[in-house]
Amino acid sequence: MKKIIAVDGPAGAGKSTVSKIVAARLGYTYIDTGAMYRAVALKVLENGKSVEDVIRDIEIKLDEAGKVFLDGREVTKEIRTPEVSRGASDVAKCGFVRKKLTELQRQMATQGSVIMDGRDIGTQVLPNADLKIFLTATVEERARRRFEELKAKGFAADFEQIKKEISLRDKQDSEREIAPLAMAEDAILLDTTNLTIEQVVAKILRLAQA
Ligand code: CDP
């Protein structure tokens, strides 16, 4: 049984959806590192302060139910807007932000069996993970999924705009200097374009139990 599972990939590849289900089926803790970058971005957007100021005394907590807390306040919904997505990709370029969040993430991973998703989990945060998955899908399909997700949550959504934003964020995340989005050499590539959520979950469960 693989105790530490790392899942990386671009926006909309299905990382959080499948990771949550796999965690529930295996009784593992799910750690959404993107939510942590989003929380930093939300604080910057709300306070109008610099990232340096914001990161100094920030407190980010993820609970078992998937709720996200920023300085003691629940921000689970607020961090999912397109504005925060853009902001997260911006703050994620800063070395000091990555250092602080990476330390926190490593500490969270010491508490038993975990599945952690993000951009740099297999390459930087948990290079010794027992199983590394790189999830991807075409940009069209990823934009379609994000469009449906935003609509379902009641946000106004424009497909072409979402596609543009996802492509831009992919580019920014892949080209940044520190800990760019990349597939670890020992990761298993899963293209989910033509797979259902249940098919992807089944593949990961098989690999985790191998
Ligand atoms: O949900 P989605 O895949 O769109 O994004 P996310 O996982 O919530 O991550 C939001 C942003 O945070 C990404 O675009 C990255 O720039 C950044 N991020 C990162 O740099 N490293 C991570 N381990 C996780 C997220």
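This is a dialogue about how the terms used for this structure follow from its values.

Trainee: What kind of model is this, and which residues count for local features?
Mentor: The model is predicted: local features need pLDDT of at least 70, side-chain atom pairs count only at pLDDT 80 or more, and totals for chains, interfaces and linings use all residues. Residues are numbered from 1 along each chain as its sequence is written, and side-chain values use heavy atoms, with hydrogens and water left out.

Trainee: What makes a stretch a helix or a strand?
Mentor: Helices (H or I, at least four residues) and strands (E, at least two) are DSSP runs, numbered from the N terminus.

Trainee: Which residues does aspartate 120 touch?
Mentor: Contact means heavy atoms within 4.5 Å. Leaving aside residues up to four places away in sequence, aspartate 120 touches Asp8, Arg98, Thr102, Val125 and Ala179.

Trainee: How do you know that the span of helix H5 agrees with its number of residues?
Mentor: The expected span of a helix is 1.5 Å times one less than its number of residues. For the 14 residues of H5 (residues 95-108) that should be 20 Å, and the end C-alpha atoms are 20 Å apart, so the two agree.

Trainee: Which residues of H5 are buried?
Mentor: They are Val97, Arg98, Leu101, Thr102, Gln105 and Met108.

Trainee: Why are E3 and E5 said to stand at the edges?
Mentor: Two strands pair if DSSP finds at least two bridges between them. The open sheet of three strands has the order E3-E4-E5, with antiparallel pairing. Strand E3 (60-62) and strand E5 (73-74) each have a single partner strand, so one side of each is left without a neighbour in the sheet. Three bridges join E3 to strand E4 (residues 68-70); leucine 62 has valine 68 in E4 as its bridge partner.

Trainee: Which strands stand at the edges of the sheet of five strands?
Mentor: That open sheet has the order E2-E6-E1-E7-E8, with parallel pairing. Strand E2 (29-32) and strand E8 (188-191) are the edge strands, each pairing on one side only.

Trainee: What makes H2 roughly perpendicular to H4?
Mentor: Axes are lines fitted to C-alpha atoms, for helices over the stretch in contact, and angles run from 0 to 180 degrees between N-to-C directions. Angles under 35 degrees count as roughly parallel, over 145 as roughly antiparallel, 65 to 115 as roughly perpendicular and the rest as oblique. The axes of H2 and helix H4 (residues 82-91) come within 8 Å and cross at roughly 105°. That makes H2 roughly perpendicular to H4.

Conventions. Buried means under 20% relative accessible area, exposed over 50%, partly exposed in between (1.4 Å probe, protein chains only).
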